Amino acid sequence: MMKNKPDEEDYWNSSKFKAFTFDDEDDEFSRLKESKQAVNSIRSLVEEEDDEDEVEKVSWSGEPVGSKTSLSESSVKLYAPELRKPKSESKDYISDWSPEETIHRMQQGKVVSLERFRSLQDKLLLLDFSVRAHDGNIITAYFLIIDLFSFLCSEVLFRELESRQTALRHFIHYLTEIRDHRLLLELLRRDFLKSCLNLPFSPEESAHVQDHYTLLERQIIIEATDRLAEHAGKVEIFQKFPRRASILNMPLITTLYYCCFYHYNEPEGTYSSPLNIRHTFRISEKQYFVTVLAARAKLKAWSDLDALFTSRNWLGFTKKKSPLSFHRVVDILQKNSAPTQVLQEYVGLVDDADLRIGLAQKHKCHDIVINTYRDLKDRQLLLGYRGKVERGSAEERKINDLLDSPVRKRRNYDHHHHYQHVT
Amino acid sequence: LAELADSPELPDFSLLKRLARDQLIYLLEQLPGKKDLFIEADLMSPLDRIANVSTLKQHEVDKLYKVEYKPIISTSDQVCFLIRPRIQTVKWIYVANADKAAGKFRRYKIIFTPQKFYACEAVLEEQGLFGDVTTDEWAFYLLPLDDDIISLELPEFFRDNFLAGDQRWVRTVGSALHLLHSIYGPFSKIYGIGRCAKMAYESWKEQVEEGDTKARQAEIGNAFLIDRDVDYITPLCSQVVYEGLVDDIFRIKCGCVEFGHDVTSSDKSVKVMLNSQDKVFSEIRNEHFSNVFSFLSQKARNLQTAYDKRRGMDIKQMKTFVSEELKGLKQEHRLLSLHIGACESIMKKKTKQDFQELLKTEHSLLEGFEIRECISFIEEHINRQVSMIESLRLLCLLSITENGLLPKDFRALKAQYLQSYGVDHLLTFANLRQLGLLVEQQPGETLTVMESKVGKLVNDKTAGKLTDAFSSLAKKSHFRALSRKLNLVPKSDEEYDLRVPRDMAYIFSGAYIPLSCKLIEQVLERDSWTGLEEVTKLLNGHEFAFTGSNGADLRAKSDAQRIILVMFLGGCTFSEISALRFLGRERGYKFIVVTTAITNSSRLIEALLGNKV
């Protein structure tokens with residue numbers, strides 16, 4: 001690294017790139033003074049900080065000031081000058097640099113000349129070296145320096161990118177960042193790029209896009225109708241529960257929830273009918289149930305839920321069925337503060353006995369607990385549970401009746417041992 | 001926890017702050033006279049750790065503004081911008097300033113940190129501002145967040161590098177490593193795994209060769225570089241160690257957390273620095289959450305005893321008590337009540353979202369057990385429109401552990417996801433697929449050697465049936481293979497005492513040893529990658545190990561040799577840091593974690609969302 005005086009001055013006068021220099025003794029001295037001042041000011045802050053109300057003290061960013069680390073000044077003196085070495089060297093000709101040297105100089109922030117890289121081969125060589133340097137900054141710079149427009153026009157050069165994925169991805173990312181959609185679109189038209197970008201949509205994905213389009217059409221109609229109805233003030237539900245936001249651009253399930261909330265009992269022929277939405281968008285049974293459940297529970301329309309879960313077989317018997325496990329149903333109901341009678345009904349439908357008892361105890365569904373213990377014929381558990389119900393309540397009487405029943409008493413002895421070690 | 005008596009001392013990283021501060025002051029003085037300073041929003045906290053407002057004022061910074069992408073209102077003749085090298089910000093500077101049109105003359109300076117990019121300068125040039133505006137670089141690469149954590153504070157590294165395939169930060173990482181090496185090196189050995197780690201290593205190597213390094217007493221022995229994409233499982237798991245949990249719930253920003261009124265039980269929120277200086281926090285940060293409560297209540301009892309000492313004191317004793325102990329006790333009291341408040345708030349939030357069931361699902365996925373139940377749990381999560389991030393996180397965990405989803409599951413879950421959270425997430429799915437985080441199993445992938453052998457023996461029809469039977473059994477899964485080879489999932493039938501952890505799995509309730517940390521452990525133990533060939537093959541290779549070039553003599557077992565620098569490219573989690581601290585205590589190492597940013601599952605997924613274009 002020979003220093004050449006005239007050249008050095010040349011550099012400082014002409015270069016756009018500012019670099020640090022510490023050749024000047026005075027400069028360095030004043031800087032050290034600066035540091036010391038800075039450190040001293042921190043010290044005083046640290047001392048202040050020991051106050052009790054330390055937490056409340058915030059700086060301009062709204063965060064606590066200062067750090068409590070103590071600095072050893074000697075170590076800074078030791079290493080700092082070396083680390084702050086000027087980035088640029090003094091010699092700085094613009095001449096015949098090889099592609100490798102050119103890239104190297106660019107990495108150091110030095111001026112380069114690209115005039116000599118005019119042949120396709122040279123341009124590509126330069127690109128390959130920039131990729132090899134693992135420096136995204138330089139790869140992107142390459143595209144900036146090689147004039148973008150002429151670049152795009154040059155089909156030959158352009159096709160070369162196909163085999164240079166790293167460079168290509170830098171180019172695409174740059175275009176995305178500067179939001180040059182025109183160029184991006186032009187890129188997209190080229191077949192070989194389709195593998196690298198995830199566009200256009202696959203058939204499966206275009207079905208989603210098509211659905212979205214249909215949904216938007218629906219939302220526009222529903223929004224217009226409902227806004228009118230709300231303003232007119234004649235529909236009770238809008239008065240009782242004013243709409244919080246427009247339904248436009250909401251996801252499908254949110255739309256379904258909205259329709260279950262405001263348009264639940266509409267015939268399937270209307271656009272806003274939940275059943276219509278379910279069929280149009282092929283919503284799964286479970287998804288539909290969950291959404292109806294959430295919406296009707298919010299409105300405390302328990303009878304709707306009853307109807308939702310009730311299915312009738314061909315003999316006309318009814319049975320409660322759910323695609324969602326009943327313990328999850330209970331969970332959703334409970335979060336919507338369903339009354340105990342309602343909870344009780346669904347807790348009773350939970351298949352797993354342990355889970356059922358757990359839920360029943362959690363939600364104080366005494367009947368279920370008592371009946372389960374009765375079926376288990378476990379006197380001990382019944383006795384234990386009597387302590388948990390209210391004195392003089394119907395539940396207590398029920399337990400007492402069960403305990404007094406001689407049949408149960410006798411049976412209990414038969415099974416007592418068995419259940420003892422189970423529980 | 002018993003710490004080894006001869007645990008080595010950590011190097012003093014405050015030096016890094018000092019260097020950054022000196023450089024910044026120098027740059028500010030390059031623009032003499034009064035000036036207004038505009039600071040990029042995400043640089044404010046890091047800057048605050050380096051130079052406080054009075055330091056800036058001393059160097060003639062008049063007013064401070066946050067870059068908010070609004071028109072610039074400043075009356076100063078000189079305006080300085082301290083920004084990240086982002087095209088968007090540079091464009092804003094141009095748009096926001098109407099000086100040229102108004103015929104007004106001001107001096108402008110843009111300081112890019114940690115470096116400038118050609119692309120940013122090109123914007124200035126394009127707008128005809130190049131020359132009117134001076135640009136500079138503030139080489140602020142590394143911010144020490146704690147005694148053993150250093151961050152580059154570059155969260156965008158993850159998306160830029162792994163999603164966009166843009167290598168703009170590779171050299172930055174190389175320079176950061178170079179800085180550490182020149183102050184605390186020379187390193188005796190460098191290990192690494194991952195494409196980016198390899199490139200960063202090469203960039204660093206080149207920079208070492210450019211400069212002349214003097215022989216120096218090393219303070220750091222070995223370095224280990226690891227790409228985030230080597231292990232996506234770990235950052236996708238729910239964190240249950242205190243510091244990680246606090247980060248998951250309250251989001252620790254630049255080593256500082258804001259506790260809201262639900263924690264402070266007053267109407268104002270409080271910002272707290274979370275580091276080893278906080279005596280209460282430093283004792284619980286690495287603990288499994290289940291131990292934290294009992295620890296805090298013990299601590300509270302001790303505090304009460306200490307306060308109670310006042311009773312029966314005479315005046316003189318009381319005076320000593322007040323001057324010597326009271327202040328410390330009050331400080332401890334304040335911290336204690338904050339962390340107790342935080343714990344309560346965490347408990348409340350976690351109970352509400354059925355955390356137990358969520359953890360059960362995660363653990364089943366890691367074990368490869370009851371996958372159908374996991375899928376239906378995730379499905380219900382999506383159907384109920386519970387957190388969109390959480391649903392994606394679980395989907396990704398499912399996909400990575402199962403080596404992709406069966407086509408019919410993939411389509412059904414994706415369709416339901418789009419229906420629940422919006423069709424614009426098509427782009428999110430595209431992003432996740434590109435990273436291999438959420439993919440569909442390719443037909444044919446399930447065909448194993450065994451099946452094809454059997455297929456030769458029996459007729460086609462039978463073979464078809466067999467394929468169906470096998471496909472569920474013999475799915476090729478890298479994670480399962482890795483997990484078996486490295487023993488990542490401890491046997492579930494054994495009791496795991498979380499109070500006395502026996503391995504790094506404690507950070508996930510004993511259910512899983514973080515892959516990233518296990519790799520580090522294995523390589524350090526073997527002092528090479530030898531014997532791990534099958535593992536690295538499953539991780540797509542790109543592993544390397546080099547001996548330091550600077551003739552660093554391997555003074556056996558000197559203190560520096562037991563200081564290990566681990567650099568995560570693309571972010572690391574607090575759980576991983578806790579695991580490494582544990583490993584360090586077990587093996588007599590001290591780990592220094594350098595990361596491009598602190599991450600967690602939400603940050604990772606959020607970086608990949610495509611719904612807000």
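**View 1. B:D146 and B:R285 meet in a salt bridge.** B:D146 is buried, with a relative accessible area of 9%; buried means under 20% relative accessible area, exposed over 50%, and partly exposed in between (1.4 Å probe, protein chains only). B:R285 counts as buried too, at 4% relative accessibility. This is a predicted model, in which local features need pLDDT of at least 70, side-chain atom pairs count only at pLDDT 80 or more, and totals for chains, interfaces and linings use all residues, while side-chain values use heavy atoms, with hydrogens and water left out. To find your way around, note that residues are numbered from 1 along each chain as its sequence is written, and that chains are lettered from A and ligands numbered from 1 in the order in which they are written. The side chains of B:D146 and B:R285 form their salt bridge at 2.8 Å, N to O; the term stands for a side-chain nitrogen of Lys or Arg within 4 Å of a carboxyl oxygen of Asp or Glu. B:D146 sits in strand β6 (residues 143-146) of chain B and B:R285 in the loop between α13 (279-284) and α14 (289-308) of chain B, so the pair ties together parts that are 139 residues apart in sequence. Helices (H or I, at least four residues) and strands (E, at least two) are DSSP runs, numbered from the N terminus.

**View 2. A salt bridge links B:R384 and A:D331.** Here the side chains meet at 3.4 Å, N to O. B:R384 lies in the loop between α17 (371-383) and α18 (388-401) of chain B, and A:D331 in helix α17 (residues 326-335) of chain A, so this pair joins two chains. B:R384 is partly exposed, at 23% relative accessible area, whereas A:D331 is buried, at 13%. Look also for a network of salt bridges that links A:K286, A:R328, B:E357, B:E379 and B:E380. Over all chains, the whole structure holds 52 salt bridges.

**View 3. B:R86 and its contacts.** B:R86 lies in the loop between β3 (78-83) and α4 (87-96) of chain B, and counts as buried at 18% relative accessibility. Its side chain makes a polar contact with the side chain of B:D42 at 2.7 Å. For a polar contact, a pair of N or O atoms lies within 3.5 Å; within protein, one must be able to donate a hydrogen and the other to accept it, and residues adjacent in sequence count only if both atoms are side-chain atoms. Leaving aside residues up to four places away in sequence, B:R86 touches B:E40, B:D42, B:C120 and B:E156, where contact means heavy atoms within 4.5 Å.

**View 4. Helix α11 of chain B is mostly covered.** This helix spans residues 242-250, and nine of its nine residues are buried. Among them are B:Y242, B:L245 and B:F250. Just after the helix, B:R251 takes a positive phi of about 65°.

**View 5. Seven strands of chain B form an open sheet.** The strand order is β6-β7-β14-β13-β9-β8-β12, with mixed pairing. At the edges are β6 and β12 (543-547), each pairing on one side only; two strands pair if DSSP finds at least two bridges between them. Strand β7 (residues 149-151) and strand β14 (residues 590-595) of chain B run parallel and are joined by three bridges. B:S151 has B:T595 in β14(B) as its bridge partner.
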